[in-house]
Amino acid sequence: MRADAKKNYEHILAVASVVVTEHGADASLRDIARRAGVGLGTLYRHFPTREALLEALLRASFDEFTTKARELETASSSDDALVSWLRDVVAFTGNYQGVVDVMMAAKEDPKSALHASCVTMRTAGTRLLTRAQAEGLARTDMDGDDLFSLAAALAWLGNQPSSAPRVEHLFTIIASAILTNRASSDFRASCTTDD
């Protein structure tokens with residue numbers, strides 16, 4: 001990629017991050033191009049579809065979640081690692097309103113530009129869950145798809161004005177239901193000291 005094209009690409013992504021944070025996954029591509037100071041054709045040359053733009057926007061973060069999961073596998077107790085990773089995924093996903101719907105659809109569609117990133121992120125969470133299950137610290141009647149769906153549900157709730165104030169409470173309930181060794185009250189105490 002030429003230097004000027006790379007600069008345009010990175011600038012469009014930076015602007016898209018702001019616009020998608022403000023307006024959600026359905027943000028106007030025309031608005032993104034206008035705010036980036038490029039023509040709509042330039043935006044489409046770099047990102048031929050909305051999904052391609054979202055994939056580029058989210059890929060770096062998804063890669064970070066995968067890397068973090070690998071680090072947590074050896075650096076933390078399995079239950080703390082699982083909860084830490086889940087909390088970060090919920091918080092990040094909640095930053096982009098509407099991205100949960102896109103991610104859930106992409107996970108099931110191998111042709112989606114986001115499919116590989118979503119599957120990789122789900123696999124990273126599954127490894128953390130499997131480790132906690134093997135150590136008897138997480139319930140064994142769930143799998144990585146369940147974990148991914150719970151994260152998506154909590155992120156979606158965080159984007160609902162009536163539920164947003166309760167998301168931390170709901171996260172605590174879900175996390176204590178996943179883990180076999182912690183009561184909700186114990187979990188709340190440990191979360192406040194970890195933050």
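# Worked exercises on a predicted helical model

Leu 170 lies in helix H9. Helices (H or I, at least four residues) are DSSP runs, numbered from the N terminus. This is a predicted model: local features need pLDDT of at least 70, side-chain atom pairs count only at pLDDT 80 or more, and totals for chains, interfaces and linings use all residues. Residues are numbered from 1 along each chain as its sequence is written, and side-chain values use heavy atoms, with hydrogens and water left out.

## Exercise 1: Leu 170

Task: Classify Leu 170 as buried, partly exposed or exposed, then list what it touches.

Solution. 
- Step 1. Take the cut-offs: buried means under 20% relative accessible area, exposed over 50%, partly exposed in between (1.4 Å probe, protein chains only).
- Step 2. Leu 170 has a relative accessible area of 24%, so it is partly exposed.
- Step 3. Contact means heavy atoms within 4.5 Å. Not counting residues up to four places away in sequence, Leu 170 touches Leu 154 and Leu 157.
- Step 4. Check a distance. Leu 170 and Leu 72 are 98 residues apart along the chain, and their C-alpha atoms are separated by 23 Å.

## Exercise 2: His 115

Task: Find the backbone oxygen that lies 3.4 Å from a polar atom of the His 115 side chain.

Solution. 
- Step 1. Locate the residue. His 115 is in helix H7 (residues 115-134).
- Step 2. His 115 has 18% relative accessibility and therefore counts as buried.
- Step 3. Its contacts, not counting residues up to four places away, are Ala 106, Lys 107, Glu 108, Asp 109 and Pro 110.
- Step 4. The oxygen belongs to Asp 109.

## Exercise 3: aromatic pairs

Task: Count the aromatic pairs and classify the geometry of Phe 65 with Phe 92.

Solution. 
- Step 1. Rings of Phe, Tyr and Trp (its six-membered ring) pair if their centres lie within 6.5 Å; planes under 30 degrees apart count as stacked, over 60 as edge-to-face and the rest as tilted.
- Step 2. The structure holds two aromatic pairs.
- Step 3. Phe 65 and Phe 92 are 5.5 Å centre to centre, with 65 degrees between the planes: edge-to-face.
- Step 4. This pair links distant parts of the chain, with Phe 65 in helix H4 (residues 50-75) and Phe 92 in helix H5, 27 residues apart.
- Step 5. Phe 65 is buried because its relative accessible area is 8%. Phe 92, at 13% relative accessibility, counts as buried.

## Exercise 4: cavity and pocket

Task: Give the volume of the largest cavity and of the largest pocket, then name the helix that gives the most to each lining.

Solution. 
- Step 1. On a 1 Å grid over the protein atoms alone, a cavity is a set of points where a 1.4 Å probe fits but cannot get out, and a pocket is an open set with protein on both sides within 12 Å along at least five of seven lines; lining residues have an atom within 4 Å of a point.
- Step 2. Grid points are joined across faces, edges and corners, and a volume is the space filled by probe spheres set on the points.
- Step 3. The whole structure has one cavity of 30 Å³ or more. The largest cavity has a volume of about 90 Å³.
- Step 4. H8 gives the most to the cavity lining, with five residues.
- Step 5. The largest pocket has a volume of about 170 Å³. H5 supplies the largest share of its lining, four residues.

Conventions. Helix = DSSP H or I, 4+ residues; strand = E, 2+ residues; numbered from the N terminus. Polar contact = N/O pair within 3.5 Å; in protein donor to acceptor, adjacent residues only side chain to side chain.
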